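Me: I've got a model open here and I'd like to talk it through with you. Can we go from the overall picture down to single residues?

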Amino acid sequence: MSTGLRIAGSRDDTVKFRYDDLELEAVMGETVAAALLAAGKRGFAVNPADGSPRGLFCASGLCQECAVVIEGRIREA
């Protein structure tokens, strides 16, 4: 039975990506959200009503709070 979980690779199997003009590194198979959290990023967006920082909510891609734009397409982080 599959749990739907993805197991990330080892730290030797990494990919670099840019986020807010920073170059970060992630393990292949790791979600963008996990890579950002590992890099110490906690606020991923701002609340349009009051400008306060917003982070992850469900961390499973169901609520769209963690949606990001990757190469011009909206994806769950």
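Me: Let's start with K16 and E23: are they buried or exposed?
Reply: Keep in mind that this is a predicted model. The cut-off for exposed is over 50% relative accessible area, and K16 comes in at 54%. E23 falls in that class as well, so K16 and E23 are both exposed.

Me: How far apart are the closest N and O atoms of K16 and E23?
Reply: K16 and E23 form a salt bridge, and a salt bridge needs a nitrogen within 4 Å of a carboxyl oxygen. The closest N and O atoms of this pair are apart by 4.0 Å.

Me: And which residues join K16 in one network?
Reply: The structure has two salt bridges. Besides the one with E23, K16 makes a salt bridge with E25, where the closest N and O atoms are 3.4 Å apart. Shared partners link these salt bridges into one network, and the residues joined to K16 there are E23 and E25.

Me: Why does E25 count as partly exposed?
Reply: Buried stops under 20% and exposed starts over 50%, with partly exposed in between. E25 lands in that middle class because its relative accessibility is 39%.

Me: Zooming out, what order do the elements run in?
Reply: The secondary structure comes to one helix and six strands. Reading from the N terminus, the order is β-β-α-β-β-β-β.

Me: What share of the residues counts as buried?
Reply: The protein exposes about 6,000 Å², with 53% of that supplied by carbon and sulfur atoms. Buried means under 20% relative accessible area. Of the 77 residues, the share that counts as buried is 13%.

Me: Which element gives the most to the lining of the largest pocket?
Reply: The largest pocket holds about 300 Å³ of space. Of its 16 lining residues, the closest to the centre are F17, R18, T31, V32 and I70. Two or more lining residues come from each of β1 (14-19), β2 (22-27), α1 (32-38) and β5. With five residues, the element that gives the most is β1.

Me: How many nonpolar residues are in that lining, by class?
Reply: Two lining residues are polar and three are charged. The nonpolar count is 11.

Me: Last one: which residues does F57 touch, leaving out those up to four places away in sequence?
Reply: F57 sits in the loop between β4 (53-54) and β5 (67-70). It counts as exposed because its relative accessible area is 69%, over the 50% cut-off. With residues up to four places away left out, F57 touches C63 and E65.

Technical notes. Residues numbered from 1 in each chain as written. Predicted model: local features only at pLDDT ≥ 70, side-chain atom pairs only at ≥ 80, totals over all residues. Heavy atoms only, no water. Helix = DSSP H or I, 4+ residues; strand = E, 2+ residues; numbered from the N terminus. Buried < 20%, exposed > 50% of the residue type's maximum accessible area, 1.4 Å probe, protein only. Contact = heavy atoms within 4.5 Å. Areas by Shrake-Rupley, 256 points an atom, 1.4 Å probe, with all protein chains shown as cover. 1 Å grid on protein atoms, 1.4 Å probe; cavity = no way out; pocket = protein on both sides within 12 Å on 5 of 7 lines; lining within 4 Å. Points joined across faces, edges and corners; volume = space filled by probe spheres on them. Nonpolar A, V, L, I, M, F, W, Y, C, P; charged D, E, K, R; others polar. Salt bridge = Lys/Arg side-chain N within 4 Å of Asp/Glu carboxyl O.
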